[in-house]
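Hi everyone, thanks for making time for this. Let me put it up on the screen.

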Amino acid sequence: MIATESLSKRFPRVTALDRLSVDVGPGVTGLVGANGAGKSTLIKILLGLSPATEGRAEVLGLDVATKGADIRERVGYMPEHDCLPPDVSATEFVVHMARMSGLPPAAARERTADTLRHVGLYEERYRPIGGYSTGMKQRVKLAQALVHDPQLVFLDEPTNGLDPVGRDEMLGLIRRIHTDFGISVLVTSHLLGELERTCDHVVVVDGGKLLRSSSTTDFTQTTTTLAIEVTDSDDHPDGTRAARDALHARGVDVLDGSGGLPGAGHILLLTAQGEETYDLVRDVVADLGLGLVRMEQRRHHISEVFTDSGQGSEQSTEAQRKEAVGHGS
Amino acid sequence: MAVEHPVAAQPGDQTRIHNIGYRTYDGPRLGRSYATRSLYSQSLRGAYGLGRSVKSKVLPMLLFVVMCVPAAIMVAVAVATKASDLPVDYTRYAIVMQAVISLYIASQAPQSVSRDLRFKTVPLYFSRPIETADYVRAKFAALASALFILTAAPLIVLYVGALLAKLDFADQTKGFAQGLVSVALLSLLLAGIGLVIASVTPRRGFGIAAVIAVLTISYGAVSTLQAIAEVQNSSGAIAWIGLFSPVTLIDGVQTAFLGATSAFPGGVGPTNGEGAVYVLVTLGLIAGSYGLLMRRYKKVGL
């Protein structure tokens, strides 16, 4: 779907992309990076709107430098920022955008009705966009990117500004774009956690460089972190500590829930080696007579992915261990 | 689904709207030139509030009526009094009505381009097959066409009226044709100036104020200077001063080449030599505003 070869983009003062080589296949691909990591610059280059300083890139087998218009006909783009005029209805706006993509008037209207229904906008689509909630606006933005039935869509931070429910709905929708509509997706985010649930493949960029590119299953299964929380009992007034000590005695490394958030001290993190770890936790908690409030898989934070190459996160892991030791003694 | 599991079907399931699934699109994709034409027609309709809210139809329609009513009255008077000529020349009409035209351009140029900039819709256009030049051309052509409709419609009223009043056919047709050429030039010139100003003022209110200011101040300044030159008997300067405002510029062009009587003080228009300069400046301004718009949108990008 997308292939770049030592793609670089330099502005007079910053290097936005630094010899980025990446291959993206069909499916849902997450592009993760902190703000300013070069995600938006990459999308601009892939749309053929901004020439690369060096290197080359292909989208759908077409060279971005020479076939920009052909690429843009087959690709959809949902920008990060607001892009909707408030005084027209969603229907009018999306019909207009469909025609801008080259759809004949009748097809534009039909596709607009279909697409708005698929993204979950019904009666409200006849009202001016100015009165929409953020979630509805995001849906209109998504609809205009899909209305011409592209082979590939670029979604730039589609969950930005949404509440948790809206976020989940948007992620579900993104998943469906591939599974139900058969359209491949490149979605950017600065939150790895939410992309893990949605994407088949995740590409991590930092400072314009490729940090990691692998399928999602790769980095969720190699190391699964379990988070457990237990109740206190009369025998064990500090249930958390009792569970930690007992688990430690059975040879399991336990960390405190990090982050210093309120209540985080009651959460124990441990590395699951396999099925037997779950059984062990169950047995240990039952033996102590404690209640098990939660046992869940913890997803990685973006910082943990940086562990491979960044030394900063190694230090933070070390700090976590120290903290754990401090609590234990 | 409900058919496959009749036992599992809940009462609520029966009222469910069934998703008929995603349909792919295999029809034609008409590409760049079609998209450009669509943008042109959408912008032209938008310049009269068509396809927009009722509120945005009011001003352009009102101005259109205000442009045409005096022409209709003149025609009525000419027919009733059996006059031998229309009270105003075809070429003069737009000059007389310039305040209305200025108001129209000030209100519609920002609505045409400032909205796209203000609400950042421009990236959506440029992530599609059309290029910067297509966008600029479509917007320019649409506004110029809208202005041409505004300025040519009263001329048509005058012409039809003149024929009904049985005025000299050859004479009227020639005047009408000259009038059309003049308003076509005026439309292109004002559309260019209006769009350039609007494209650098994303806030619509500022855009409106800026366009009105540029048009009225330049005309006011030029007229005043011309009047002073007239009083001081330096009538040679009058023609040269006229180069500095859009309306007097068109006045000069039509006086020199389109058989119009000049609206300059003393009625002294530019000579043919000076008129050539007028034409060059007019065309230069039109081309220049196109160039500036291109430069402006090259920067906007995504």
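Before the first number, one definition: I call a residue buried if 20 or more other C-beta atoms lie within 10 Å of its own, with C-beta atoms placed from the backbone. By that count, buried residues make up 43% of the 302 residues in chain B. Please keep in mind that this is a predicted model.

Let me stay with chain B for a moment. What does its secondary structure come to? Eleven helices and zero strands. Reading along the sequence, then, you simply get α-α-α-α-α-α-α-α-α-α-α.

How does chain B sit relative to a compact globule of 302 residues? Such a globule would have a radius of gyration near 19 Å, whereas chain B has 25 Å. Taken along the principal axes, the C-alpha atoms of chain B fill a box of roughly 100 × 50 × 35 Å. And if you take the contacts in chain B between residues at least 6 apart in sequence, 75% of them join residues at least 24 apart.

Now over to chain A, and a sheet I'd like you to find. It is an open sheet of four strands in the order 2-1-4-5, with antiparallel pairing. Strand 2, residues 15-24, and strand 5, residues 62-63, are the edge strands of chain A, each pairing on one side only.

One bridge to look for pairs Ala3(A) with Glu58(A) in strand 4. Glu58(A) also has a bridge partner in strand 5 of chain A, namely Asp63(A). Between strand 4, residues 54-59, and strand 5 of chain A there are two bridges, again antiparallel. Those two strands form a hairpin with two residues between them, and Leu60(A) in the turn has a positive phi of about 55 degrees.

What packs on this sheet? Helix 1 of chain A, residues 39-46, touches strand 1, strand 2 and strand 4 of chain A, and its direction makes about 115 degrees with that of strand 1.

Next, the nonpolar cores. The largest has 145 residues, and those with the most contacts inside it are Leu46(A), Val94(A), Val153(A), Leu143(B) and Leu158(B). Helix 6 of chain B, residues 132-164, gives the most to this core, with 15 residues. If you zoom in on Val153(A), its contacts beyond four places in sequence include Val75(A), Met78(A), Leu146(A) and Ile177(A). There is also a second, separate core of 14 residues, including Ala243(A) and Val285(A).

Last, where the chains meet. 33 residues of chain A are in contact with 32 residues of chain B. On the chain A side, helix 2 (68-74), helix 3 (90-100) and helix 4 (105-118) each supply at least two residues. Which of them gives the most? Helix 3 of chain A, with five residues. By class, that side of chain A has 14 nonpolar, eight polar and eleven charged residues.

That's my tour, and I'm happy to take questions.

Conventions. Residues numbered from 1 in each chain as written. Chains lettered and ligands numbered in written order. Predicted model: local features only at pLDDT ≥ 70, side-chain atom pairs only at ≥ 80, totals over all residues. Contact = placed C-beta atoms within 7 Å. Nonpolar A, V, L, I, M, F, W, Y, C, P; charged D, E, K, R; others polar. Pairing = 2+ DSSP bridges. Axes fitted to C-alpha atoms, helices over the stretch in contact; angles between N-to-C directions. Rg over C-alpha atoms; globule rule 2.2 N^0.38 Å. Buried ≥ 20, exposed ≤ 12 C-beta atoms within 10 Å, placed from the backbone. Core = buried A, V, L, I, M, F, W, Y, C linked by C-beta atoms within 7 Å.
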